Amino acid sequence: MLERWNDALAYIEDNLAGEIDPEKLARITLTSEYHVRRVFSALAGMSLTQYIRARRMTLATADILNGDGILDVAVRYGYSSSDAFGRAFRQMNGMTPSQARRPGAVLRSQQALSFHLTIEGRSTMRYRIVDLPEFHIVGRKTRIPLVYSGPNTAMTEFHRTLPEGTGARLKACADVEELPEILFVSTAFESDRADGSLFDYYFAVASTTNHDDWDSLAVPASKWVVFEAHSENDFQLALQQLWADAFGEWFPSNPYEVVPGPEILTVTQSSDDWTSGTGELWIPVKRSF
């Protein structure tokens, strides 16, 4: 499967001076555009858009150093004007194209990526596949920035603002047997899902019916992959690592692809300070082939 992802990288490399069609990337990887963007960010550590932009600017910088005209280079790599190109060039290199031509200028480069299987990787991931009928996410919602590593202060502040007894009131609405009573739900991500981009976050439960007095989200019937996490010393880190392992290791090695929908974190037990505990990550999927 990684061979297909490397074929997608080759397609990007061959079309940096032209149009790169995300749907073509989906066809190469035998998945969907949504899945391509989601898995690419986990494998590469940056969004697909960021990578393409950086690779184009790397080639554009070489052309500038070769003496090509700034406007010619700007047009070649898809910029609408020399001003727009100049701003992007400065953002990556910390100087203007003209300054880059001076002797001794230190420039930045985004190397072309390739993906490789690491045999000495982590231990086998524990997962299960579950079919769920249609249900509703019911709870309280906010829109906060995505944080890949470390505390999410906006999420913490949101929980602090919830009225006392919110959890108990929500539990009275929970009636989907397969899901634990309290859910931490992430959905409506921005397309590239970059660190710091926004998403909708719910403190919620799963209910077979809608409840008008709560924020709610209808979830269609779907197949879900469920990953397990357990830690005795850093439970929060173990929960964050679930996403990295799922999209960086499990999806590239299994015949499933993620489909648009909420990603649900459940916690079945934890210590008061969240240093130890057990939890699960639920992601909606379909067979890719």
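The expected span of a helix is 1.5 Å times one less than its number of residues. The structure to which this rule is applied here is a predicted model.

**Exercise 1. Characterise the packing of α2 against α3.**

Step 1. Two packed helices are described by the angle between their axes and the distance between the axes.
Step 2. For α2 and α3 the angle is about 85°, and the axes are 8 Å apart.
Step 3. Angles of 65 to 115 degrees count as roughly perpendicular; α2 and α3 are therefore roughly perpendicular to each other.
Step 4. On the α2 side the contact is made by Pro-22, Glu-23, Leu-25, Ala-26 and Thr-29, and on the α3 side by Glu-33, Val-36 and Arg-37.
Step 5. The contact of α2 with α3 comprises four nonpolar, one polar and three charged residues.

**Exercise 2. Repeat the analysis for helix α4 (residues 48-65) and helix α6 (residues 82-93).**

Step 1. These two helices pack at an angle of about 100°, and their axes are 11 Å apart.
Step 2. That angle makes α4 roughly perpendicular to α6.
Step 3. Helix α4 contributes Ala-54, Met-57, Thr-58, Ala-60, Thr-61 and Ile-64 to the contact, while α6 contributes Phe-85, Ala-88, Phe-89, Met-92 and Asn-93.
Step 4. By class, the contact of α4 with α6 has eight nonpolar and three polar residues, with no charged residues.

**Exercise 3. Describe the span of α6, its buried residues and what follows the helix.**

Step 1. The twelve residues of α6 reach 16 Å from the first C-alpha to the last, close to the 16 Å expected at 1.5 Å a residue.
Step 2. Ala-84, Phe-85, Gly-86, Ala-88, Phe-89, Met-92 and Asn-93 are buried in α6.
Step 3. These buried residues of α6 pack against α4, α5 (70-76) and α7 (97-100).
Step 4. After α6 comes Gly-94, with a positive phi near 75°.

**Exercise 4. Is Thr-209 buried, partly exposed or exposed?**

Step 1. Thr-209 lies in the loop between β4 (198-207) and β5 (215-219).
Step 2. Buried means under 20% relative accessible area and exposed means over 50%. With a relative accessible area of 41%, Thr-209 is partly exposed.
Step 3. Leaving aside residues up to four places away in sequence, Thr-209 touches His-136 and Val-138.
Step 4. Glu-134 is 75 residues from Thr-209 along the chain, and their C-alpha atoms are separated by 9.6 Å.

**Exercise 5. Summarise the protein chain as a whole.**

Step 1. The protein chain contains ten helices and nine strands.
Step 2. Its C-alpha trace spans about 70 × 40 × 40 Å along the principal axes.
Step 3. Of the 289 residues in the protein chain, 46% are buried.

Methods
Residues are numbered from 1 along each chain as its sequence is written. This is a predicted model: local features need pLDDT of at least 70, side-chain atom pairs count only at pLDDT 80 or more; totals for chains, interfaces and linings use all residues. Side-chain values use heavy atoms; hydrogens and water are left out. Axes are lines fitted to C-alpha atoms, for helices over the stretch in contact, and angles run from 0 to 180 degrees between N-to-C directions. Helices (H or I, at least four residues) and strands (E, at least two) are DSSP runs, numbered from the N terminus. Angles under 35 degrees count as roughly parallel, over 145 as roughly antiparallel, 65 to 115 as roughly perpendicular and the rest as oblique. Contact means heavy atoms within 4.5 Å. Ala, Val, Leu, Ile, Met, Phe, Trp, Tyr, Cys and Pro count as nonpolar, Asp, Glu, Lys and Arg as charged, and the others, Gly among them, as polar. Buried means under 20% relative accessible area, exposed over 50%, partly exposed in between (1.4 Å probe, protein chains only).
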